[in-house]
Structure formats: structure tokens, C-alpha cells
Amino acid sequence: MQRHLISAADLTRDDAVLILDTAEEMARVADRPIKKLPTLRGRTVVNLFFEDSTRTRISFEAAEKRLSADVINFTAKGSSVSKGESLKDTAQTLEAMGVDAVVIRHGASGAPYRLATSGWIDAHVINAGDGTHQHPTQALLDAFTMRRRLVGRDAGLGHDLNGRRITLVGDVLHSRVARSNVDLLHTLGAEVTLVAPPTLLPVGVETWPCEVSYDLDSTLPKSDAVMMLRVQRERMNAAFFPTEREYSRRYGLDGERMARMPEHAIVMHPGPMVRGMEITAEVADSDRCTVIEQVTNGVSIRMAVLYLLLGGAEFQAPSTPARTAEEK
């Protein structure tokens, strides 16, 4: 593992499989009556969130606490950032406090990379989402969910997603989840297809390691997993499609479309879902939908990432040394 986790594209196949396998071990901790490990005792982790978040922030906090780390939660609202403090000054403040790792979510693409490479802070940096760029732990938990469902919980250990056909549908243009998933799934050997209206595909998408289609109905019968992406209105500054009704009719997943998928295929969504637009309530509440599973798996994946980045057993509290003859 490298010192930081900034982009899913930075991971090799072996890195990714190691994280997935470690997460499988971490998932077993959740089945215990006491869901704690002493691995990161004495280590301090800061959750530095400049954007709103529910799942990611709570998931990281749960992962950190289950590994016995000391957790500091920072939100831009109510902090000196609202008074005009820069990222550099915030980072140097954290450095002065001696933190060991920073989990950062920021609205500006590249902010985690800047934090990791600027020399402002000597701590591990984990990207929890930056603008429309990357969200590596989301891609990892998605791959973990796919491997568990499509390969098997125990059978998947040591394996990737080679030959699996994954379809991502919706607002690819504004989606850091789509970019991260394309990078990671390609690394793991999966065949990825993006389905979206032309206006919601980024410039240069033809250079990505995936196929592109504008027809959802033709891709569903040959998909092992279909991931629906939310239309991110908060990042839009123009009209990218005529009406919500037309978007839903062309690119929404309903019960009729789900019936065209292979029997083993699953439906995924990174959340939050907009029911009635990209996905109907019937599909969201079906047994084939893994949304809640993804939330559960997110804690295991983030525990694995923290464990591997911060050194795991290497940093466990040392046992009390035996007294010497002189001390006795």
C-alpha cells in the first residue's frame, strides 16, 4: 500500500485485491458482540469535511472507532473556514496538533492531492470525495459488494472481477463515483459500459477504459451489475435534459427493465437515491438492490484502508517489558 489513497487509478490489481481481502476479515468483526479492534489505539484521525455528507462521514467515523482510533470531526460550517481560512492554514493547524491521518472531502477537484503533496502536513491522506474527480473508497466498497454477490463471500478471496460486465447509468459528467469505478473495475478485469445521454458524458470519455452506450435497454440483458447514478443538480449550471419525466423514461430503472436483466444480476446505487427518477421504489426495495449492503460494506472497506495505510499491527500498543534483575 502507498502512503495516501487519493485516486482509484493509483491502485494496482494486487493493492485492490489486498484491500478487498482485508475488508472481508474486517467484516467478521461486525459479527462479534464487541465490534472493536485495538489496532489504531493511540492514533489520531481527523475527518475533514468541506462538503455535506451522511453515509461517507458516518462510515469513516464508525470504521475509525472500531479500530480504536481517536477521532476528530471537522466540518467547514461553524469553523474558521467560514471566516475565510484557507486549506493550507487548516492543514497546518492539524499538523500542529499531531494528527496521524486526514480523511478529506472537498468541493474542489484535486484538494486531497494538494494536501498530500504540498508538505503542509505529515499525515496519511485519504480522499473521501473531491469535486467531480475521485471517490476511491466508494469504488472499493462497490467492488467488494460485487465480488461478494457475484463470486461469493469465501470463494472471492484472492480473486478479482475478471470478465464481469458492469453497467453505470446516469450522470457520468458530474460523478466522481463513475470515474473511480471505471478506473478500479478496469484494474480488476471487469468490462465496464457507461450509459447516459450525450449531454451527461464528459469530454474525452472515449479515452476511458470502457464502452459507451446511449441505449439502456440494449445493455441490461448482458449486465452482471447495473449501477444507477444520481442526477447531481447541485453541480449543474445548465439544462442537460428536457424534463425529469423524459430522463426517467429513457434512463430510469423500473421493474419492467429490471426483469430484462439476467437472474443473477444485481442493482446498485451509491446513494442518496432519488426515487422515481433514476430508480423506482419497486426496484430500490427489491432483493436484487444492494444499497443497504453497500453501506454495511463501506465500514469494512474503510476499516481495511485505515488498517493498511496506518500500518496495522505494526502500531499496536507494545506489551509491558519484563523487568530486569537490577529493577527487581
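**View 1. I166 sits in strand β5 of this predicted model.** The strand covers residues 165–169. With a relative accessible area of 1%, I166 falls under the 20% cut-off, so it counts as buried. Look around it and, setting aside residues up to four places away in sequence, you'll find that I166 touches M146, L185, A190, E191, V192, T193 and A225. Take L185 from that list: it is 19 residues away from I166 along the chain, and the two C-alpha atoms are separated by 8.3 Å.

**View 2. Here's the largest nonpolar core, a set of 79 residues.** The residues with the most contacts inside this core are L140, M146, L184 and I301. M146 has already turned up in View 1, as one of the residues that I166 touches. As for I301, leave out its neighbours within four places in sequence and its contacts are I19, L20, A23, T137, L140, L141 and F144. So L140 shows up again, this time as a contact of I301. Another core lies apart from the largest one; it has 19 residues, including L94, V102, I104 and L115.

**View 3. Now for the residues that UniProt lists under "binding site": K83, R176 and R230.** The listing comes from an unreviewed entry. Of these residues, R176 and R230 are included in the lining of the largest pocket.

View 4. Ignoring neighbours within four places in sequence, R230 makes contact with D171, H269, P272, V274 and E278.

Notes. Residues are numbered from 1 along each chain as its sequence is written. This is a predicted model: local features need pLDDT of at least 70, side-chain atom pairs count only at pLDDT 80 or more; totals for chains, interfaces and linings use all residues. Side-chain values use heavy atoms; hydrogens and water are left out. Helices (H or I, at least four residues) and strands (E, at least two) are DSSP runs, numbered from the N terminus. Buried means under 20% relative accessible area, exposed over 50%, partly exposed in between (1.4 Å probe, protein chains only). Contact means heavy atoms within 4.5 Å. A nonpolar core is a set of buried Ala, Val, Leu, Ile, Met, Phe, Trp, Tyr and Cys residues joined through side-chain atoms within 4.5 Å. UniProt positions are given in the numbering used here, feature names are shortened, and annotations may be inferred rather than shown by experiment. On a 1 Å grid over the protein atoms alone, a cavity is a set of points where a 1.4 Å probe fits but cannot get out, and a pocket is an open set with protein on both sides within 12 Å along at least five of seven lines; lining residues have an atom within 4 Å of a point.
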